[in-house]
Amino acid sequence: MRLDDRLMDFFQRPLMCIIASADRTGQPAAGRGVGFELLDDRETIDVIFSGWQWPRMEQSIRETGKFTATFVSPSDYVTFQLKGSATMRGTEASDIPHADHFIAAATAALCSLGVPPHMIASWLTVRDARVVRLSVREVYVQTPGPLAGMLTDVVSP
Amino acid sequence: MRPRLADLSACFEGVIPSIIATAAADGMPNVSYLSHVIRIGDEHVALSNQFFAKTAANVRANPKVTLILVDGLTGDQYLLDVSFVRSVDAGYVFEKIARQLKATSAQLGMADVMRLKSADIFRVAAIEKVPAPINDPASSPDRQAVDLVVLSDTVSAIDRQVDPGGIIDSLLEGVRRIFGYEHALVLIREDVSGTLTTMGSIGYARSGLGSEISDSEGLIGTAARSGEAIKVNDMSRLRRFGEAIALNSDAAENSTRAIAFPDLPTANSQIAVPMVFRGAVLGVLFVESEARLAFREEDEAALLILATQAASALRASEREAAQTVPVPVPPLPATIAGRGVHVIHHRYDDSIFIDGTYIVKGIAGALLRLILEWHLNEGRNVFTNREMRLAAGPRLPEIKDNLETRLLLLRRRLEEKGAALRIVRVERGRLRLEAEGPITLKVAGE
């Protein structure tokens with residue numbers, strides 16, 4: 001599914017990211033994303049997470065190839081969830097600057113909302129970085145309100 | 001050592017959103033934020049079923065769920081593998097979550113958006129601490145446990161008091177001494193209207209004695225109605241709850257006959273603890289702090305012990321005072337010298353003004369009028385609670401169980417406003433009127 005211009009604009013904002021997969025027994029794995037890169041086809045996104053903090057994530061993705069990432073703008077709760085099939089890809093040197101940029105923007109946004117910096121540092125680390133490549137099949141609005149849970153192609157103008 | 005649910009108390013305050021991951025029958029995962037997780041004993045948690053339809057559907061199709069909980073003080077994260085047990089839409093657990101949801105969604109300015117339909121109970125299979133890149137001991141202040149010896153001393157101190165003023169002061173002093181909290185109020189509830197009136201306070205620029213709030217809103221009202229303690233632990237992004245009346249001067253008090261509620265604009269944590277005696281809520285102990293997460297589970301439990309002891313002592317005090325038998329009273333001294341003391345009583349709200357200054361209204365105002373009429377008509381200045389009950393009881397059924405606290409409010413307001421007359425408690429169930437000059441009483445609205 002191709003990400004529309006509104007979503008491309010959304011991804012320019014400071015964001016937080018939570019991610020999940022599930023193993024072959026159906027047990028979900030949960031974690032936090034600490035960076036991303038949208039590919040030029042606008043249908044694929046690479047999401048970076050810490051293999052040190054979330055070791056079950058990689059294992060689950062390798063088992064089932066199913067993955068989801070929810071991105072939220074902390075200042076106004078605007079939230080989108082991306083779902084699809086995924087594979088692990090090798091971490092490259094260029095991934096780290098993407099993560100550093102993401103972490104710096106998220107930290108500044110959360111600090112401005114009064115969240116203490118030492119807490120944010122517990123959540124956002126790029127240690128033992130892993131990258132999952134998601135082919136986006138579905139995008140859902142998850143902003144609290146009447147459109148929550150709807151597919152974006154249903155609610156887009 | 002693996003963490004236990006009881007070790008995660010700072011994760012259950014709704015300060016930092018939790019995360020819920022589920023998977024559909026076909027294995028496709030779903031992940032979203034979650035407003036409330038409540039601990040139920042050592043093996044279960046309840047989730048407010050505010051989440052989106054997909055999460056709810058997944059949970060029914062596949063009971064395996066993973067949660068991330070976040071310690072609201074340190075930021076530490078915990079992974080919980082849980083499995084769905086059942087959904088509840090009534091009962092103790094549901095009511096507890098509904099109250100907490102109301103309090104914390106009011107924190108987020110979303111009180112009208114968040115309405116609890118049901119709560120889901122999950123059994124916790126495993127808890128794992130997520131490694132954190134920093135471990136800064138300074139960031140997680142290690143507060144000491146509640147000192148049970150000091151708590152016990154305070155309970156005894158409350159029990160030794162015989163009048164409501166001493167009981168309320170001992171309670172407030174205990175709050176300061178045991179926990180170090182600097183801002184606290186005691187409000188007494190009126191049975192008939194449910195109105196709660198401030199009878200004692202510590203730490204505020206203005207004492208707020210006599211200020212009133214309805215029991216229909218806010219943390220204090222919720223605690224009064226439910227009989228359960230309720231707290232918010234991070235108000236950094238929120239407006240204060242709605243009881244505060246925007247008044248800040250004596251002039252405003254005189255014109256509106258409403259006393260400003262004590263205000264701590266920098267509060268980050270607030271707790272309202274009901275004062276319960278045999279199932280009836282007599283009042284509320286309200287404490288606030290500038291610290292985030294100031295009220296741990298054990299603090300709540302210790303505050304509840306103090307509040308319960310105070311409620312018991314207040315009820316005993318009322319009963320003992322009511323049994324005091326009148327004895328002959330000494331005659332009024334010869335004419336009191338000094339300037340005249342001018343008292344106006346307004347019938348429509350029983351408000352009292354002394355030399356132009358608003359003092360009190362309602363039951364306390366009606367009682368002062370009664371005392372002044374006895375003084376002026378019969379020439380005496382010592383009165384008993386018992387005769388007040390007999391004389392005013394038929395018109396003021398509210399005083400049946402709280403005459404002593406109404407008289408306390410009257411005494412304290414007269415002192416606080418520096419009025420030219422005072423009510424002095426001479427012994428249990430007996431008080432004396434003292435004035436700086438001859439009293440005139442004008443009744444307005446007759």
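Biologist: Why is A:Cys17 called buried?

Modeller: Buried means under 20% relative accessible area, exposed over 50%, and partly exposed in between (1.4 Å probe, protein chains only). A:Cys17 has 1%, so it is buried. B:Cys11, at 4%, counts as buried too. Mind you, this is a predicted model: local features need pLDDT of at least 70 and side-chain atom pairs pLDDT 80 or more, while totals for chains, interfaces and linings use all residues. Side-chain values use heavy atoms, with hydrogens and water left out.

Biologist: How many disulfides does the structure hold?

Modeller: Zero, over all chains. To count, a pair of cysteine sulfur atoms must be within 2.5 Å.

Biologist: What makes A:Phe36 and A:Phe71 an aromatic pair, and is it stacked or edge-to-face?

Modeller: Rings of Phe, Tyr and Trp (its six-membered ring) pair if their centres lie within 6.5 Å; planes under 30 degrees apart are stacked, over 60 edge-to-face, the rest tilted. Here it's 5.4 Å centre to centre with 75° between the planes, hence an edge-to-face pair. A:Phe36 lies in strand β2 and A:Phe71 in strand β4 of chain A, so the pair ties together parts 35 residues apart in sequence; those strands are DSSP runs (E, at least two residues).

Biologist: And how do you know that the charged end of A:Arg127 sits over the ring of A:Trp52?

Modeller: For Arg, CZ must be within 6 Å of the ring centre and within 35 degrees of the ring normal; for Lys, NZ is used. A:Arg127 is 3.8 Å from the centre of the A:Trp52 ring, and it does sit over that ring. B:Arg380 lies over the face of B:Trp374 as well, at 5.2 Å.

Definitions and conventions
Residues numbered from 1 in each chain as written. Chains lettered and ligands numbered in written order. Helix = DSSP H or I, 4+ residues; strand = E, 2+ residues; numbered from the N terminus.
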